[in-house]
Amino acid sequence: MSKIVFVEDDQDVGELIAAYLGRHDIEVIVESRGDRAEQVIADAAPDLVMLDIMLPGKDGMTLCRDLRASSRWSGPIVLLTSLDSDMNHILSLEMGANDYILKTTPPAVLLARLRLHLRQAGGASRSEEIAPARPAQQALRFGTLFIDPVNRLVVLSQENIALSTADFDLLWELATHAGQILHRDVLLKALRGVSYDGLDRSIDVAISRLRKKLHDSATEPYRIKTVRNKGYLFAPHAWDTHSA
């Protein structure tokens with residue numbers, strides 16, 4: 001049986017969804033407050049986290065961001081909300097969510113989408129996905145770009161570049177495969193342990209954010225290149241100058 005933590009402050013909604021999913025072999029732990037959710041998730045080690053946006057204590061968007069930034073839980077995050085907003089949808093992906101589902105979605109469709117994410121995550125307990133210890137790795141240098149994996153430090157043209165944990169992991173994955181084309185599926189599996197479903201745009205959003213921080217061109221990127229229909233390529237010889 002799969003396990004979900006559902007952070008929802010409306011008791012009726014929480015109980016209805018928990019009962020429905022329970023009939024389909026998905027255990028649901030309902031937490032009503034956003035500021036208590038991280039501890040509940042750490043204790044429960046669920047296979048998936050589902051968040052409402054409007055929550056007391058800490059809103060769902062912030063909670064999603066904090067869960068990703070901590071890097072101690074990399075499983076699927078789904079936002080289940082009544083807010084039908086393109087901007088919120090885009091923002092949720094930027095915060096690291098895997099899906100954005102409206103509460104008006106039929107229960108059978110909700111179940112199907114949750115099962116999709118659970119299958120992609122392998123149904124494994126998130127406690128098994130706490131970042132494993134890695135062997136010591138050497139720092140990398142590409143022209144004016146310096147990446148130190150031990151101290152998680154990035155310097156570009158003598159400027160310290162502040163990166164979130166997720167952004168650093170993405171940069172490291174790209175840089176350690178410099179000159180190679182990495183498909184979204186490869187990046188998602190390496191960073192989150194899930195397969196690309198053809199719809200998830202979180203890697204695209206993260207690449208765009210990383211380009212901006214590393215002073216790459218937004219319109220014609222030359223440092224982290226897009227290879228049409230194939231993926232992304234970290235160009236090892238494109239870091240000799242600071243600006244595009």
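Asn 229 is located in the loop that joins strand S11 to strand S12 (231–234), where helices (H or I, at least four residues) and strands (E, at least two) are DSSP runs numbered from the N terminus. The phi of Asn 229, a residue other than glycine, is positive, near 65°. Asn 229 is classed as exposed because its relative accessibility is 73%; buried means under 20% relative accessible area, exposed over 50% and partly exposed in between (1.4 Å probe, protein chains only). The model is predicted, with pLDDT of at least 70 required for local features and 80 or more for side-chain atom pairs, while totals for chains, interfaces and linings use all residues. Residues are numbered from 1 along each chain as its sequence is written, and side-chain values use heavy atoms, without hydrogens and water.

A positive phi of about 60° is also found at His 215, which is not a glycine. His 215 belongs to the loop between helix H8 (202–213) and strand S11 (224–227), and it is partly exposed, with a relative accessible area of 27%. Most residues other than glycine have a negative phi.

At the start of helix H4 (residues 86–94), a side-chain oxygen of Ser 85 comes within 3.3 Å of the backbone nitrogen of Met 87. Gly 96, which follows H4, has a positive phi near 110°.

Glu 15 forms part of helix H1 (residues 11–22). Glu 15 counts as partly exposed because its relative accessibility is 46%.

Definitions and conventions: Polar contact = N/O pair within 3.5 Å; in protein donor to acceptor, adjacent residues only side chain to side chain.
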